[in-house]
Every structure is written in structure tokens, then in C-alpha cells.
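These are my notebook entries on a structure that I examined one topic at a time. The sequence and the structure come first, and my notes follow.

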Amino acid sequence: MSVAAAAAVTVRDLSKVFMIPTERHMSLKRHMLNFFRSSPTRRFEALAGLSFEVQAGEFFGIIGHNGSGKSTLLKILAGIYQPTRGRVDVRGRLSPFIELGVGFNPELTARENVFLNGAILGLSRVQIASQFDEIIGFGELEEFVDQKLKNFSSGMMVRLAFAVAVQAHADILLIDEVLAVGDSEFQRKCFDVFRRFKAEGKTIVFVSHDLASIKEFSDRVLLLDHGNAVGTFSADHAIARYQQLNEERANAALTRAGRGGERTSGQRAHLVRVEMIKDGVGTTHLVHRSDPVRIRLVVANPERLVVNGGVAIHRSDGLLCFATNTFIEELARPESGAAELVLELSFPQMLLQRGTYRLTIGLFGQDPTRVYEMTEAAFELQVTQSDTYEGVMFMPHQWRAT
Amino acid sequence: MTPTRNLLSYRGLVREIAVTDFKLKYQGSVLGYAWSLGKPLTLFAVLYVVFTQFFRLGSSVPHYALYLLLGVVLWAYFSESTMGAMSSIVDRGDLIRKVYFPRILIVLSASVSALITLALNLVVLSGILLVSGVGLSLRSLLIVPLLIELYLLSLGCGFFLAALYVRYRDFRHIWELGLQVAFYASPVIYPLEIMPRHLAQISALNPIAQILQDARAAMVYHDTLTTLGLVAFPVSLLPYLVPPLLVIAGYFFFESAAARFAEEI
């Protein structure tokens, strides 16, 4: 009983179901006929009956694969989404935002943005004015106060956003992947603030892919898998369980032919298959480090559009190892005459170290914001190595003694 | 369960968003705020030339130019305010998906932002009234409750439109059409006096017509035909009841839809 009373956040049997429209383009006539009826939808259960408690003063981590429901959970905690079932009880004032710099406008100066962003976070003009110097000082932006935000680097923008956010007088802070941005010195500064908050008895709910910071800071960690709570564990235990789950998923994916995973498909150009080709071997999922390898995307392009392709390589723990696309390479892409086109990416040497990696494949048009398809875990590959070098990648190197 | 805070504690947010919107609207334009005056004044000039020189519509009422100008300014507010409120939620989609605060504040901000333009226009109009010799009197203060009525009417429409527009983008076109019809159905450019009496009586039940005619009676010409003058007593109160009822109904409609905005935008 006393434990429940001390909980800052109590979540009971929380479910969230999204109804996703399955039909994108309706004819005008059908649209008129269906106008006041809802269009056909597919049911997607993002959270399936979660229960957990966050104790007051706790640094509470949440981890899980992409699509496990982390962001949905955070949005429900923040009040942005309403739960479909179940309840969330919050004791104390909760920060209502899940992202930094919400509402920042590039056409306004840093000063104007601080007041606007502060107001969005629920601060009064007087409160912001009294803390204005502190905010600017924390962000180290004294010289840029009256410059428009569009002239700021992304690092400066994050510093400003974080500086405002820490002023939001909340007892419970929700933080989603903030630390993916900013330089390491600023990250340390952020964590210093978190430590200070913790010392002040504030509660922090922290979602991240960065297992190192989860491990370093979290008192307890909730592990999510496909909208279900696997459990709440100590950081070490949670990370071990998470990696184990990833392995299981990887093995399942390896045995599936071609590709699996989550796929959001557009109507236009779409992926037919992904292959990895090793010369003299053919298609495979296995590659030895330092061997050459090619990745081939076979794309159906019935409308003969301009198609750019992108490949991102994620390690099984979510770390983005490398990403490239035909757009940054400025590869000439005439409109394809054929209804099927093949994009091939070759690596003269596989430089990644031993482990399981997943490819996210993107297909987009002339304008990179026009996404035809974005498929996570479209392909899974294993890298083996016979030596004992450690680290993320193999760096070609030489030792010399003189 | 949502982070509840007193609505009053958010008044700073309404002001910040409204002022920012107004600022950004004219950012990068050389004449800046002058455009917010220039647009209705140009419309007024065109209408004035057309309807006094070609159609001689205005000969039946004294001070037709002022009569027309006041009509155009108030109409411009209704149109800008409702269009702005309609798209406000969708335009702020990034905010709604990432931070919680009462969604209704966004619609309120849009209506306040349009009020800034109206206030500037009314200052210019008052100047013209003084110069033209019609002048201002205590009676002119009657414009204040009429402006409140107009604000409520616009806000009530805005609540419905903002919530509907999230789900049905068709409402942009529907409302544009509706505004066009209403523009000609209301005595904005023509005097109510030119209508046959039985049609004028029907027209006067339209709250916009009622506001325009009452505003003209208050500021331009005392004996303007008003709803109270045209329609028998209990029925003549109808248009005055519409704005407050619309705001109340609109509020509940909006609130019932607001919880789902973050998912639907």
C-alpha cells in the first residue's frame, strides 16, 4: 500500500488502439457517399495492457525496439493521446512535452522563441523574463540572443531548447531521445541537470535507444516488446533481456526468406526484394568482415517515377552504423523506362565488426520528402570475423615501433 | 490524468501565439502591417467606385461610403477570423502531436490575432469618420457590444470549423463558398433599404445583417434600418441569441473532438 502511495506515475492495464486508414485515395463520388461515415480502417494495437509504476524521485528508463510502443506510451503519459483502455494516475506536475523546442519558429529571434516556447510549456511571461538570462547562459548563446533562429546551427538550437525545457517547473519529466543530438560536452551538461533534478526529488522518465546512457542513469528500466511490457528490471538485466529479444527476432528474420519486418508501403514505387550478394557465393545473409559485398534493391516502379534509394545499417541494439542514399551521392536518376529498377550498393570491404545488423530501406522521389516507402528491418545480416579486434568497426591501421 | 492546469494560467500562451501569428504574417514584406489596412481599404475603394459610379446603389442612404466601409471592415474580420480559426488546429499540427495543452487555446489565439487587424482597421475608420464630418459621439460606443457579438459569432463558427477541418479537409472549400454566399446574402455592399420590405425582414434575421445594420446605426447614420426596427419584438431578438448559443454549442462540439486531434492530424 505504501509503495503505491509513493508512486509518481501509476499505469494500470493501459491499451492504445489506432485505427489506421487503409484506403488513401478515395474517388470523389465515394468520398461524398462516405462523407459522414468513417473510411475503412485497420486496427493496430500499439499498447496491449501495460501496467507499471514509476516511483517518485526515480530515473526510469524505457527501452524497446522500433514500434514497440515507447513513443505512444510517452505521448499518453504527456496527455497528448488518450488511452483506449486502462488508466494513468500522475502525482505531481508532469512536463507536457516529449520533444525539445516544440513550436520553435525559424523566422523569430532566439529571444522571441524563448518566450513562445516557454508559454507553450506553461510558463508565464514574468517567469520567463526572470529566468531569461539563466536560459541564455545555460545555452551559451549570449551573443546570439537577437538573431533569428534560422541562422542557428542545430547544436545551438538544441541548447536553447533544452535550456528552456529545464525551466518548465515539472515534478516529472518526460524525455524522448534528447541526447541523440548535441555534442558530448552538452550531453554531459544535460545529464548534470538530470542529476540535479534527481537530487531535488524529481522523477525522470527517459526513453532512449542509447543503451549506454540508459545503463548509466536508470534506476529501473521498463522493457517493451510489441506493445507489451516484458517487465521492469534493473538496467543491466533489462539490457540483457533486450539484447536477447533482439537475437531471437534476428534469428526468426534470418530464417524468413528475403525480408520481413515492419513495412509502411506507399502506393507508388515499392520494394520487391532486398538481396545481399557475395561474389562467387550468390545471395546470402552472412558476410565475413573485410569481404566485399553488394546490396541490391529491386524496386517495382509501375508509374515510372524518379526513384531515389537509401540504405541505413543499424546494429541490433539500434545504433545507426552507416546510412547513404542516392540523393546525397547525386547519382543521376533519369526517369526509369522500366517498371522494375535495380539499385545496387557495393561495399569493397565490409568494415563492420561481428554482430547482427538490420537494414532500413527508404525509397523516395526527386524531392527527398516525398517518401514512397520506408521499411525498417527490411533485411537482416550477420557479420562474422575470425580475429579479435573490438569495437563498432574495423579501422584499417598500422602499428609502428621506432 | 492529463496535466491539468487552470485555463487562466495559459493566457500568456494565447497572447504569444496570437502576436507571433500576426508578426509572422507580415514578416519579410516591406510595408508590413500596412497590408492589413491596405487589403480592406482596397476592397472598399473598388466597391465604392463600382457601386456609386456604375450602379448608384448608395443613393438611397446618406453617407453610403462610410456605410460601405464599416460593412467591409466588419465583414473582413468575420471572414479572416473564421478562416484563420478553421485552419488553426491543422496548421499547428506539430505542436499538437508533441505537447499537451488545452487545444481550444489555439482557436482562441487565431480569433485574437484577427482582432488585432480589426482594431487597426477601426482606428483608421474612426479617423475617416472624424474627417468626413460625421464624427464620433457617445452613441458610437454602442459599437463595443456589437463587436463582442461579432467576436462570439466568429468564435462559435470557428470552434465548429476548426474541429471539422481536422477530419474533413473539404471544409476549406465548403466554408469559402459559404462565405461568398453570405457576403452577398448580407447587406455588406448594398443597403438593406433597397430590398422590398418583406425580404428585408427575413434578411434582418441573419445575425451578420443585424450586426452590420446596428453598427451602422451606431456609427454612421442614426436612422439605418435595423433588425429591431424591421421585425416585431420577440422575433427580433433571435439574431442576438445566435452568437452566444453558437459559442456554447461550438465549445462542446470542439471539446468532444479535441482529445483525438493528435492522432488525426
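Entry 1, a pair of residues. I looked up A:V11 and found that its bridge partner in strand 4 of chain A is A:V88. Strands here are DSSP runs of E with at least two residues, helices are runs of H or I with at least four, and both are numbered from the N terminus. I note that this is a predicted model, in which local features need pLDDT of at least 70 and side-chain atom pairs count only at pLDDT 80 or more, while totals for chains, interfaces and linings use all residues. Residues are numbered from 1 along each chain as its sequence is written, and chains are lettered from A and ligands numbered from 1 in the order in which they are written.

Entry 2, the sheet. Strand 1 (residues 7–21) of chain A pairs with strand 4 of chain A in the antiparallel sense, over five bridges; two strands pair if DSSP finds at least two bridges between them. I then traced the open sheet of chain A, in which three strands stand in the order 2-1-4 with antiparallel pairing. Strand 2 (41–55) and strand 4 (85–90) of chain A are at the edges with a single partner strand each, so one side of each has no neighbour in the sheet.

I found 28 residues of chain A in contact with 20 residues of chain B, a contact being two C-beta atoms, placed from the backbone, within 7 Å. On the side of chain A that touches chain B, strand 4 and helix 4 (110–120) of chain A each supply at least two residues.

Which residues touch the most other members of the largest nonpolar core? They are A:V205, B:L74 and B:A162, in a core of 144 residues. Such a core is a set of buried Ala, Val, Leu, Ile, Met, Phe, Trp, Tyr and Cys residues joined through C-beta atoms within 7 Å. A residue is buried if 20 or more other C-beta atoms lie within 10 Å of its own. Helix 3 (residues 64–91) of chain B gives the most to this core, with 16 residues. Leaving aside neighbours within four places in sequence, B:L74 is in contact with B:L150, B:I211, B:L212 and B:A215.

I counted 13 helices and zero strands in chain B. Of its 265 residues, 44% count as buried. The C-alpha atoms of chain B fill a box of roughly 60 × 50 × 35 Å, taken along the principal axes.

Technical notes. A residue is buried if 20 or more other C-beta atoms lie within 10 Å of its own, exposed if 12 or fewer, and partly exposed in between; C-beta atoms are placed from the backbone.
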